[in-house]
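Have a look at the structure, then read on.

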Amino acid sequence: MAAEEEVALDLEELRHIQSIAKRPRILDLISSEISSLEKLSKEAAPKPTLTTPTPISTGMKVPSTPALNYVTLGSFSWEQDTEKVKIYIFLEGVDQEKMETEIKHTSIDIKLHDVQGKNYRCAIPKLHNKIVPEKCKVLVKPTRVVITLIKASKENWLDLHFKEDKLKPNLDKEKDPMAGIMDLMKNMYNEGDEEMKRTIAKAWTDARSGKTADPLKGFK
């Protein structure tokens with residue numbers, strides 16, 4: 001059976017479970033898995049082949065710009081309240097005009113050029129949670145750079161960097177989609193009420209005994 005058909009069948013099973021689930025936690029887990037599978041289904045769909053035009057050689061050689069080398073700023077201080085996060089980079093001689101900032105909803109990339117003959121970079125590719133880029137700002141002071149990030153929602157962050165929630169099912173693109181279903185079933189069993197646990201346990205028992213190869217059959 002093609003991978004697209006497998007994903008379609010998994011989606012059908014999950015939507016059936018969603019229709020009978022009652023606990024908010026279970027519904028959240030199922031919705032998350034459905035979203036992941038829908039995304040995977042779209043990515044697996046055949047895409048039109050684009051023809052790349054052959055570049056025309058002009059016989060002229062364009063000089064390449066040498067890549068800049070950066071010193072990574074891995075150590076810095078930060079503080080927060082429920083509305084914002086402040087990051088402090090202690091560095092003297094920073095010129096506001098020679099600073100390059102790229103602030104997105106879930107990442108920041110701050111480049112400080114020509115600081116005492118060196119280039120510095122402070123980058124966080126994935127923040128703990130979303131921010132509001134248009135409200136964030138970077139202020140240069142004589143002995144430090146202050147980066148103020150405005151949170152999209154009022155809360156306290158456990159860390160600046162994003163960390164995966166181990167309770168959420170993980171659907172790896174390179175992994176069989178059914179593996180994500182297995183993880184979801186385990187989470188549903190742990191979080192579900194007694195009726196849900198009995199239903200899941202029966203489905204697993206039937207699958208292991210050979211009565212059915214589909215562990216979700218008990219939900220139909």
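1. Start with the largest nonpolar core, which has 25 residues; Leu112 and Leu149 are the members that touch the most others in it. Keep in mind that this is a predicted model. The elements that each put two or more residues into this core are strands E3 (84-89), E4 (99-103), E5 (108-115), E6 (118-124), E7 (137-141) and E8 (144-150). E5 gives the most, with 4 residues.

2. What does Leu149 touch, once residues up to four places away in sequence are set aside? The list is Glu83, Lys84, Val85, Ile87, Ile108, Leu127, Ile131 and Cys136. Apart from this core there is another one, with 16 residues, including Leu11, Ile30, Leu184 and Met196.

3. On the overall layout: the protein has 4 helices and 8 strands. Reading from the N terminus, the order is α-α-β-β-β-β-β-β-β-β-α-α. Among contacts between residues at least 6 apart in sequence, 58% join residues at least 24 apart.

4. Now the sheet. Four strands make an open sheet, ordered E2-E3-E8-E7, with antiparallel pairing. E2 (77-80) and E7 are the edge strands, each pairing on one side only. Ignoring direction, neighbouring strands of this sheet are turned by 15° against each other on average.

5. Inside that sheet, look at E3 and E8, which run antiparallel and are joined by 6 bridges.

6. As for individual cysteines, Cys122 has a relative accessibility of 1%, so it counts as buried. Cys136 comes out at 12%, and therefore counts as buried too.

7. Ser107 deserves a look. Where does Ser107 sit? Its place is in the loop between E4 and E5. Is Ser107 buried or exposed? Ser107 is buried, because its relative accessible area is 15% and the cut-off for buried is under 20%. Beyond residues up to four places away in sequence, Ser107 touches Glu102, Ile124, Pro125, Lys126 and Leu127.

8. Thr101 is my other pick, and it lies in strand E4. Thr101 has 41% relative accessibility, so it counts as partly exposed; that class lies between the 20% and 50% cut-offs. Leaving aside neighbours within four places in sequence, Thr101 is in contact with Asp109, Ile110 and Val138. The C-alpha atoms of Thr101 and Leu112 are separated by 8.6 Å, with the two residues 11 apart along the chain.

9. Last, the surface totals. Of the 220 residues of the protein, 31% count as buried. The protein exposes about 15,100 Å², and carbon and sulfur atoms supply 51% of that area.

Note on methods:
Residues numbered from 1 in each chain as written. Predicted model: local features only at pLDDT ≥ 70, side-chain atom pairs only at ≥ 80, totals over all residues. Heavy atoms only, no water. Core = buried A, V, L, I, M, F, W, Y, C linked by side-chain atoms within 4.5 Å. Buried < 20%, exposed > 50% of the residue type's maximum accessible area, 1.4 Å probe, protein only. Contact = heavy atoms within 4.5 Å. Pairing = 2+ DSSP bridges. Axes fitted to C-alpha atoms, helices over the stretch in contact; angles between N-to-C directions. Areas by Shrake-Rupley, 256 points an atom, 1.4 Å probe, with all protein chains shown as cover.
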